[in-house]
Amino acid sequence: MFGYLVGRLIQAMMVVFVMSVIVFVGVYAIGNPIDVMIDPGASQEIRENLIRQYGFDQPLWQQYFTFVGNVFQGDLGRSMVYNIPVTSLVFSRLPATLELVLVSVGIATLIGVPAGMYAGYRPNGIPAKLIMALSVLGFSVPTFWIGMLLIMGFAVNLGWLPSGGRGEVGHVLWFKTSLVTSDGWAHVIMPAVNLSLFKMGLMIRLTRAGMVEAMGTDYVRFARAQGLPDRQIVFGHIMRNISIPLVTVFGLELGSTLAFAVVTETVFNWPGVGKLIIDSILQLDRPVMVSYLVMVVLLFVMINLVVDLIYAQLDPRVRLKGGS
Amino acid sequence: MAKNALCSGIALITLLAAAPAVMAQDLTIGLRAGPDSIDPHWSTLGSQAEALRHVFDTLVDADETLQLQPGLAVSWTPIDDTTWEFKLREGVTFHDGTPFTAEDVKFSIERIPAVTGPMPMTLYTKYVASVEVVDDYTLRITTNGMAPSLPNDFTRLFVVPSETGMEAGNEEFNSGEKAIGTGPYKFVSWQPKGDLVVERNDDYWGDAPAWETVTRREIPDDAARVAALKSGQVDMINYVPATDYLSMQADSSLDTFVSDSIYILNIAPSVKDEEPQPIKVNGQEIDGNPLQDVRVRKALDLAINRDVLVNVVLEGLGTPANQLMPEGFFGYSSDIPAPAHDIDQAKALLTEAGYPDGFEIDFTCTNNRVPGDAVVCEALAQMWSRLGLTVNAQALNGTVFFPAAQREEYTMTMSAWGTLTGEAAYTYGALVHTQDAEKGFGNFNRSGYSNPEFDRIFSEGSQTLDTDARRELYEQASEIAMEIVR
Amino acid sequence: MAHIGNVLVVPSAAPAETRVMRLRNFWSDYRRSWVAVGALVVIVALLVASFGAPWLVPQDPYDLGQLDWADAFLQPGQTGSGNYVHLLGTDNAGRDMLSAILYGLRTSFLIGISAGVLALTLGISIGLTAAYFGGRIEALLMRIVDLQLSMPAILLALVMAAVLGQGVPQIILALVVAQYAYFARTTHGAASVERRKDYIEAARSTPLPTWRILFKHLLPNVLPPLIVVATVQVASAISLEATLSFLGVGLPLTEPSLGSLISNGFKYIHAGRSWLSIYPGVFLMITVVAINLVGDQVRTVIDPRNSR
C-alpha cells in the first residue's frame with residue numbers, strides 16, 4: 001500500500017517534470033516572452049534590462065534550475081502579466097472550472113447511465129439503436145462546434161439563455177458559487193451540456209456494454225427463469241455490478257473533463273482556469289503555463305489515486321501494486 | 001512611407017456601441033481588455049492606462065487627438081535646455097483626503113523603476129535625470145540631454161500619494177488598500193480578467209463624474225461581447241467588430257460612435273542587402289533584394305486599393321492612411337498627397353525595375369492583434385497578386401510573430417503601430433530612425449531602413465525646445481519618410 | 001512452430017489464399033451493418049471530393065488572384081462575378097465556401113492521416129521493441145507511455161502546438177506526440193500475448209535478425225487491433241486539429257483547415273452570416289462521425305467476443 005502511494009507520487013512528479021521541461025524548452029525555442037509583451041517605444045537598453053531582470057539571458061538549464069529550486073520552496077512564481085503569484089491566480093479561477101466540470105459530469109451520468117442501461121437491456125430495439133447513434137455523435141463531433149451551435153440556437157436566435165460568462169455568485173457556507181443563483185444556472189447550463197456530451201457518449205457505451213454482459217450471465221438467466229421481474233433483476237443485481245466500473249470511469253473522466261474544459265471555457269467565455277491557460281499561452285506567460293500544468297497534473301493524479309483506492313475497497317479482487 | 005517600409009496602410013477606427021442612456025446611475029461596460037493590475041506604474045498596456053485613468057490622474061492630460069491639456073499640472077515651461085518646470089493644480093485631494101502636492105509627483109516618478117514590469121513604464125521617465133521640489137505646487141525636472149517630448153511622456157505619468165511607500169506592490173493596489181488616486185472615480189474592486197468596479201468621487205476637481213458606479217467587465221471574445229450588449233447584460237461595448245456594425249446601425253435600440261484610432265497598419269519590406277526569406281522568380285532565388293529598388297516599393301504601394309480595404313474589407317471602419325500617424329498628431333504633415341491606386345503604373349514600374357512577371361514573396365502579418373489585421377493581410381496579398389506577384393501571406397499569433405520579427409526573420413511584415421504619446425518622436429524614433437542601440441533609436445526598425453537625411457532632420461527636431469519649430473521639423477521628417485515612394 | 005527434423009518452420013503472415021479468404025469474411029461481416037457501409041461510402045466520397053477538389057470546384061481558394069472582394073459575403077445559392085453559383089456562399093474575402101471547405105477538408109485529411117500514420121509507426125516501434133526485449137527496456141518504455149496516457153491528450157497537444165508555432169508540420173508533430181502512446185500501449189498489449197507463443201520463441205532461437213522477427217512475424221499478428229485504434233485516432237486527430245485551430249494555436253487563417261474555417265466563421269454568427277461556420281462544421285461532423293462508425297464496425301467484426 002505504502003509502496004503504491006510512493007509509486008503514484010513518483011509518477012506524478014515525472015509527469016510534472018516532463019511537462020515543465022516541454023514548456024521551458026518550447027518557450028525558449030519560440031523566443032523571448034519580453035519581445036511579445038514589451039512596449040514598442042522601449043529602448044534597447046530597457047529591453048535588455050528586462051531580459052536580465054526576468055532571467056531570460058541565462059542559459060536554459062539555469063533558468064530551469066532556478067524554477068525548480070523555487071518550486072521546492074513552495075514558490076511557483078508570479079505571472080509576468082499580472083504580477084501576482086500564479087497559485088493565487090489559478091486558485092481564484094479554479095472554482096468556476098470545478099463548477100462547470102461537476103455540473104457537466106453530473107449531466108453526463110444522469111442521462112448517460114439510464115440511457116446506456118436501456119440500450120443494453122433491449123439492445124435490438126429502435127430506441128437502443130437511436131441511443132447508440134447519438135452516443136457516436138456525442139464523442140465524435142468536436143465540442144467547440146456544438147458549443148457554437150448551442151450559442152446560435154439558444155442565445156442568438158431564441159434568446160433564452162445568455163451566450164457566455166459566469167452568472168451571479170452566491171454564498172453557501174464558506175463557498176462562493178454561482179450554482180445557488182438562478183442567474184448562475186442560466187449561465188452554466190449551456191456550457192455544462194456542451195462539455196458533458198463527450199462523457200455522455202462514453203457513459204452510454206460503458207453502461208450498455210456492462211449491461212449486455214450482465215444480462216448474459218448465468219445468474220441473470222437463472223433469476224429470469226425463476227420468474228423474478230426484470231425490474232428487480234436490473235436494479236437489484238445488475239445495477240450493483242456495473243456501478244463499480246462506472247465509479248472508476250466517473251472519477252477518471254472528472255480529471256480529463258477538467259482538461260477539456262479549456263475548449264468549452266473558450267467558446268462560452270467562462271472565467272475558469274482553462275481560459276486562463278489559453279490566454280497565457282497567447283501571451284507567452286511562462287510561469288502561468290507551467291503552474292497550470294503542474295496543478296492540473298497533480299489534481300489529475302490525485303483523483304486517479306482516490307478512484308483507485310475506492311475501487312480497491314469496492315472490489316476485493318483488486319490489489320494495489322506499486323507504480324503502474 | 002519611407003524608402004523603408006510602409007507603403008502604409010490604413011488607419012483603424014475605434015468603435016463603440018451603446019444602448020441609449022437610461023436614467024439609471026449605474027453603468028456596465030463590456031471591454032475587449034482590461035487592466036493587468038491596479039498599480040498604475042506596473043505596465044504601459046493601453047487597456048491598463050484606459051482603465052486606470054478613471055481612478056488616477058496623469059500629470060499632463062491629453063485630448064481626443066492626444067494633444068496636451070492641463071491635468072494635475074496646469075502649466076509647464078522649459079527653463080533651460082535640460083530643465084522643465086511644472087506648475088501644479090492647487091486644492092486637489094486624493095480619495096483618502098490627503099492633499100495633492102509636488103512630493104507626490106516626485107514620489108511617483110521615482111517609484112516607477114522599482115515596480116514596473118515587462119511592459120515598463122520607465123519608457124516615460126527615461127529622460128528624467130532628477131526631480132526637485134521647489135514648493136508644494138512647483139516642480140523642476142532635470143533631463144538627460146534635451147527632452148522636448150517630456151510633457152508628452154507625462155501624459156502617461158499617473159500620480160499616487162507619497163504615503164504609498166516604496167514597498168507597496170501589486171497586491172496592495174489590487175486589494176484596494178493602496179488604490180488611491182485623485183481621479184473622478186474611486187476604486188471599489190477588481191478581479192484579474194474580471195470586473196473592475198469604481199464609484200463616483202464627489203470631491204473630484206474637474207467636471208462632476210456622470211455615474212454613481214461603473215462596472216468595467218472584460219469580455220475578450222468579440223462575438224460574446226456583442227451578444228452581451230444585445231442581451232442587455234452590458235450597456236456599452238468597445239471594439240465592435242466591423243461585421244456587426246451595420247446591423248447595429250440599423251438597430252434603433254443601440255447607438256454607435258465611431259472615431260479614428262491611433263493605430264495604423266503599416267507594411268515593412270526588408271531593404272537589407274540580403275532579404276531574410278528569399279524572394280524568387282520561377283522558383284529561383286534572385287540575386288540582390290528587389291525591395292531595395294524604390295520602384296518596386298512604389299509599385300507595391302500603387303497596387304493597394306485603399307478604398308476597397310476601407311469600404312469592403314473593413315466594412316467602412318477605417319481611414320486610408322498616407323503616413324505613420326493619424327491626422328492631428330504632432331508632426332502629421334498635411335502636405336503629403338492622398339495615396340493613389342494605379343495598377344497600370346504599378347505594373348509599368350515593376351517592369352522598369354526588371355520584374356515584368358512579378359516575383360514570389362513571403363508576407364507575414366499579425367493575427368487578431370488589432371481588429372481586421374488578418375483580413376487586411378489577405379486582401380493585400382490578393383491585390384499584389386493582381387500585379388503578378390505570388391504572395392505567401394501568413395497571419396500569425398503575436399507569440400510567434402513578435403519574437404521572430406525581433407530576430408528580423410521576415411522579408412515583409414504588416415503589423416499595427418500606435419502613436420501612444422500623440423507625437424512624432426515616439427513613432428519615428430523607434431520605427432524609422434536608423435537602428436542605433438547607443439542612442440536608443442530604431443528599436444523597431446527591423447527592415448534595415450536607413451536614411452541619413454531623415455535621421456538628421458529628426459534629430460534636429462528632437463533637440464529643438466520651441467514647439468512650433470519642432471513641429472515644423474517633424475512634419476518635414478514625415479515628408480522625407482514618405483515622399484520617396486510617393 | 002516446432003522443429004521437424006532440422007527444418008525450422010516459422011509461420012509468417014498468413015499465406016495468400018487465406019488472406020484473401022479472411023478479407024472476404026471480413027467484408028461479409030462488415031456488410032451486415034448498412035450504417036457502416038454507408039459511412040464507408042461517405043468517407044470514400046469525401047476523400048475523392050477533397051483530393052479531387054482542384055478538378056471539381058470552380059475556384060482555387062488559395063490563389064488569391066482568383067478572388068474578388070466584390071463577391072464577399074454572398075449568401076448560399078447566389079451567383080458571383082465568376083458567373084457560377086456559390087452553392088454554400090462566400091466568405092469575407094469573396095472565397096467560394098464550397099471550394100474552401102473541400103480544400104480545407106483535404107488539409108484536415110492530410111493532417112489527420114499523416115499524424116495517424118506517424119503516430120502508428122512510432123507507437124508500433126516502441127510497443128514492439130518493449131514487448132520483444134522485455135526486462136528493463138520494456139519497463140522504461142512502457143513507463144513513459146503510461147506516464148503520457150495519464151495526461152489528457154488535449155493538454156499535451158495544446159502545449160506542443162503552442163510551443164512549436166503555427167503551421168502544418170508543427171501541428172502534425174503536436175498530434176503525433178499526443179497520440180502515439182495509444183498505439184504503443186495497444187501494440188505492446190497484443191505483442192506481449194503473441195511473444196509468449198511458441199513460434200516467436202522458436203524464431204528467437206534461430207539466427208534470424210531481430211528486426212525480421214519483429215516485423216515479419218510479430219507485427220502481422222498485432223495489426224488487427226491496431227487498425228481499429230488507427231481509424232479512431234485519425235478521426236480524433238482531425239477533430240483535435242480543428243479544436244487547436246479554433247483555440248488559435250493551430251493553423252493560421254491563411255492556410256485554412258476545417259477548424260480555422262469554422263473559427264473564422266464564428267466571428268460572424270451575430271451578423272446573420274451563419275453559413276460561414278455552419279457548413280464547414282457540417283463537413284467536419286460528417287467526416288468524423290463516418291470515420292468513427294467505420295472504426296466501430298471494424299472493431300465489432302474483428303473482436304472475437306462479438307463473433308456470431
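**Figure 1. Where chain C meets chain A.** The contact between these two chains takes 34 residues from chain C and 36 residues from chain A. Two residues are in contact if their C-beta atoms, placed from the backbone, lie within 7 Å. On the side of chain C that touches chain A, two or more residues are given by each of α5 (135-149), α6 (153-164), α9 (210-247), α10 (258-266) and α11 (275-302) of chain C. The largest share of that side, 9 residues, comes from α11(C). Its residues divide into 22 nonpolar, 10 polar and 2 charged. Ala, Val, Leu, Ile, Met, Phe, Trp, Tyr, Cys and Pro count as nonpolar, Asp, Glu, Lys and Arg as charged, and the others, Gly among them, as polar. Helices (H or I, at least four residues) and strands (E, at least two) are DSSP runs, numbered from the N terminus. This is a predicted model, in which local features need pLDDT of at least 70 and side-chain atom pairs count only at pLDDT 80 or more, while totals for chains, interfaces and linings use all residues. Residues are numbered from 1 along each chain as its sequence is written, and chains are lettered from A and ligands numbered from 1 in the order in which they are written.

**Figure 2. The loop residue C:G248.** C:G248 is found in the loop between α9 and α10 of chain C. It has 21 C-beta neighbours inside 10 Å and so counts as buried. The cut-offs are 20 or more other C-beta atoms within 10 Å of a residue's own for buried, 12 or fewer for exposed, and partly exposed in between, with C-beta atoms placed from the backbone. Leaving aside neighbours within four places in sequence, C:G248 is in contact with A:L282 and B:N397. Its C-alpha atom is separated by 9.1 Å from that of C:A162, a residue 86 places apart from it along the chain.

**Figure 3. The largest nonpolar core.** This core has 326 residues, and of these C:A157 and C:L158 touch the most other members. Domain 1 (2-72) and domain 2 (89-282) of chain A both give residues to the core, so it lies between them. A nonpolar core is a set of buried Ala, Val, Leu, Ile, Met, Phe, Trp, Tyr and Cys residues joined through C-beta atoms within 7 Å. Apart from neighbours within four places in sequence, C:A157 is in contact with C:A174, C:L175, C:A178, C:L240 and C:L244.

**Figure 4. The two domains of chain A.** Chain A is divided into domain 1 (2-72) and domain 2 (89-282), with bounds that come from an automatic or database domain assignment. The C-alpha centres of the two domains lie 36 Å apart. The secondary structure of the chain comes to 12 helices and 2 strands. Its C-alpha atoms fill a box of roughly 90 × 55 × 40 Å, taken along the principal axes. Of the 324 residues of chain A, 46% count as buried.

**Figure 5. Where chain B meets chain A.** Here 40 residues of chain B are in contact with 34 residues of chain A. At least two residues of the chain B side are supplied by each of α4 (170-174), α5 (222-230), α11 (398-406) and α12 (424-431) of chain B. The largest share, 7 residues, comes from α11(B). By class, this side of chain B has 19 nonpolar, 15 polar and 6 charged residues.

**Figure 6. Helix α11 of chain B.** Buried residues in α11(B) are B:T399, B:V400, B:F401, B:F402, B:P403 and B:A405. Their cover includes α1 (2-30), α2 (33-37) and α11 (273-283) of chain A, together with β17 (360-366), β18 (390-396) and β19 (412-418) of chain B. B:E408, whose phi is positive, near 55°, follows α11(B).

Figure 7. Strand β8 (residues 138-143) of chain B pairs in the antiparallel sense with strand β6 (residues 83-88) of chain B over 5 bridges. Two strands pair if DSSP finds at least two bridges between them. B:W84 has B:I141 in β8(B) as its bridge partner. Strand β7 (residues 128-135) of chain B also pairs with β8(B) in the antiparallel sense, over 6 bridges. B:V128 stands opposite B:T143 in β8(B). β7(B) and β8(B) form a hairpin with 2 residues between them.
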